[in-house]
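Student: I would like to learn how to read the features of a model like this one. Can we go through it step by step?

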Amino acid sequence: MATTDHADQVTTAAPSSAAAPPKTLGPLARRERNLAYSMLLPTFGIVMAVVLMPLLANFWISFKPVGLGDLRPASLFVNERLRGDLEAAGDVATLEYRVRNSSQDAPLRDAGFSDTIPEGLAPTGDLDPRCTLDGRLLDCALGEVEPRFRDRIRIEVTATQAYLDNPVRPRDSEAASRATSDNVLTSLEFTFENFTKVFSAAEFWHVLRVTIYYTIFATLGALVLGLFAAQMLNTAFRGRTVLRGLFLFPYVAPVIAVAFTWVLLLDPFSGTLNAILRQMGVLETPINFLGQRAVPLDFFGLTINFPVALSAVIGIEAWRSFPLAFLFILARMQSISSDMYEAAEMDGATPLQQFWYISLPQLVGILAILFLLRFIWTFNNFDDIFLLTGGAAGTRTMTVNVYEQAFAVSNLGAGAAVAVVVFLVLLCFSLIIFKYSPQDEG
């Protein structure tokens with residue numbers, strides 16, 4: 001009996017010990033994990049090089065007072081020329097070196113240059129005290145050079161018959177300059193001056209509001225147009241395939257061609273839209289849709305300034321980007337089972353009720369993803385606004401501000417600071433969307 005009871009106890013305890021999962025990875029699992037990581041290393045390297053490195057460089061530049069001229073380090077420029085005519089042996093001329101500091105605000109240390117005097121030219125008179133001559137090798141040490149430094153070093157030379165027999169221009173042997181300077185891009189000095197200028201600028205908050213208005217309404221317009229287009233083309237009818245292809249034209253057409261087409265259509269003098277509206281009697285005078293900031297409108301006794309140019313740009317952006325939303329929404333609609341619509345139709349549901357209670361709940365997840373993607377892309381959009389209005393008439397957005405600060409004003413640091421603000425705004429928005437966006441079964 002004791003033996004039987006002991007066997008039963010062993011038999012009962014065995015399944016519980018065998019069911020416990022292992023707490024550590026085995027040798028095979030560790031090898032598979034290491035292999036997977038090693039296969040992903042090239043991908044990590046590409047992401048670091050393509051995405052993270054430019055982002056880190058932008059953050060680095062935003063904390064430095066960098067202009068376009070600072071991209072090239074300060075150096076000493078030397079221009080050599082021979083003044084005088086050497087037609088006979090014994091003629092005297094002047095070998096002149098024009099030197100200058102290429103930077104307007106950065107000094108140079110240990111500056112100087114060296115040059116080889118052409119054979120047959122014998123220096124005469126006293127040399128500049130900063131220069132020495134070893135055979136035909138001329139070396140001039142200028143020491144510390146201030147910003148915007150300019151000077152001339154002259155050396156009198158006498159021509160010999162050897163030079164007349166084989167004349168060599170001094171510029172054929174270029175002078176080699178040398179200098180040491182501090183590079184603002186690689187220095188460890190940082191400042192908040194760029195961010196101070198950005199946030200203290202009078203137009204910054206206005207530009208930020210315009211960017212948010214433009215992004216939200218252009219994104220919502222693209223989603224609404226895409227939703228209507230997908231709902232219309234989700235039903236079967238003759239020519240549906242051709243119409244689907246035509247709906248993709250705004251998205252695949254070259255942006256430059258599309259922008260200039262809209263500029264011609266909306267032109268106040270020869271534009272098609274103004275001509276049609278005037279023929280219909282809607283307008284008495286043409287409207288500059290892309291050049292007029294606002295017009296006063298009476299709305300239930302309240303006068304508001306309607307932004308004309310900004311609304312036109314928003315409409316064009318919504319029209320140009322709705323095909324992407326149309327494709328995603330249509331693909332999601334076609335994955336919904338038709339049995340649900342048939343059951344709802346048998347229960348007496350109208351088409352609007354079917355859309356509201358069946359289609360829309362199934363599209364919530366894809367609409368949230370599309371809103372996130374279109375918001376980021378529209379917030380970063382530059383080419384449409386720049387080609388249509390150039391940022392004028394109240395359409396200046398953050399990306400246009402980045403371009404103007406970095407290239408129009410030649411202040412790369414301020415442009416990078418605005419780009420950092422754009423990144424932070426989009427990062428906060430993305431985190432909020434990821435946290436609170438609804439998700440469907442797909």
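**Reading the cores and the overall form**

Tutor: Start with one residue and its surroundings. This is a predicted model. Setting aside neighbours within four places in sequence, M398 is in contact with F204, V207, L208, T211, F379, V418, V421 and V422.

Student: Which residues touch the most other members of the largest nonpolar core?

Tutor: The general idea comes before the case. In soluble globular proteins, nonpolar side chains tend to be buried together. Here the largest nonpolar core holds 37 residues, and F326, I329, M333, L363 and M398 touch the most other members.

Student: Which helices each supply at least two residues of this core?

Tutor: They are α4 (193–200), α5 (204–233), α10 (308–334), α12 (351–379) and α15 (412–436). The most comes from α12, which gives 10 residues to this core. Another core, of 23 residues, lies apart from it, and A74, V99, L142 and I153 are among its members.

Student: How many helices and strands are there in the chain?

Tutor: The chain has 15 helices and 10 strands. Its radius of gyration is 36 Å, well over the 22 Å that the globule rule gives for 442 residues, so the chain is more spread out than a compact globule. Along the principal axes, the C-alpha trace spans about 115 × 105 × 45 Å.

Student: What percentage of the residues in the chain is buried?

Tutor: To count as buried, a residue must have under 20% relative accessible area. Of the 442 residues in the chain, 33% are buried. The accessible surface of the chain comes to about 27000 Å², and carbon and sulfur atoms account for 63% of it.

Student: How should I read contacts by their separation in sequence?

Tutor: Count the contacts between residues at least 6 apart in sequence, then ask what share joins residues at least 24 apart; in this chain that share is 71%.

Student: Where does V184 lie, and is V184 buried, partly exposed or exposed?

Tutor: V184 lies in the loop between β8 (176–180) and α4. V184 has a relative accessible area of 24%, so it is partly exposed. Neighbours within four places aside, V184 is in contact with K64, P65, V66 and D70. V184 and I61 are 123 residues apart in sequence, and their C-alpha atoms are 9.4 Å apart in space.

Student: How far apart are the mean positions of the positive and negative charges?

Tutor: The chain has 32 positive and 41 negative charges, and their mean positions are 3 Å apart.

How values were computed
Residues are numbered from 1 along each chain as its sequence is written. This is a predicted model: local features need pLDDT of at least 70, side-chain atom pairs count only at pLDDT 80 or more; totals for chains, interfaces and linings use all residues. Side-chain values use heavy atoms; hydrogens and water are left out. Helices (H or I, at least four residues) and strands (E, at least two) are DSSP runs, numbered from the N terminus. The radius of gyration is taken over C-alpha atoms; the globule rule is 2.2 Å times the number of residues to the power 0.38. Buried means under 20% relative accessible area, exposed over 50%, partly exposed in between (1.4 Å probe, protein chains only). Contact means heavy atoms within 4.5 Å. Accessible areas come from the Shrake-Rupley method with a 1.4 Å probe; for residues, only the protein chains shown count as cover. Lys and Arg count as positive and Asp and Glu as negative; His and the chain ends are not counted. The place of a charge is taken as NZ of Lys, CZ of Arg, CG of Asp or CD of Glu. A nonpolar core is a set of buried Ala, Val, Leu, Ile, Met, Phe, Trp, Tyr and Cys residues joined through side-chain atoms within 4.5 Å.
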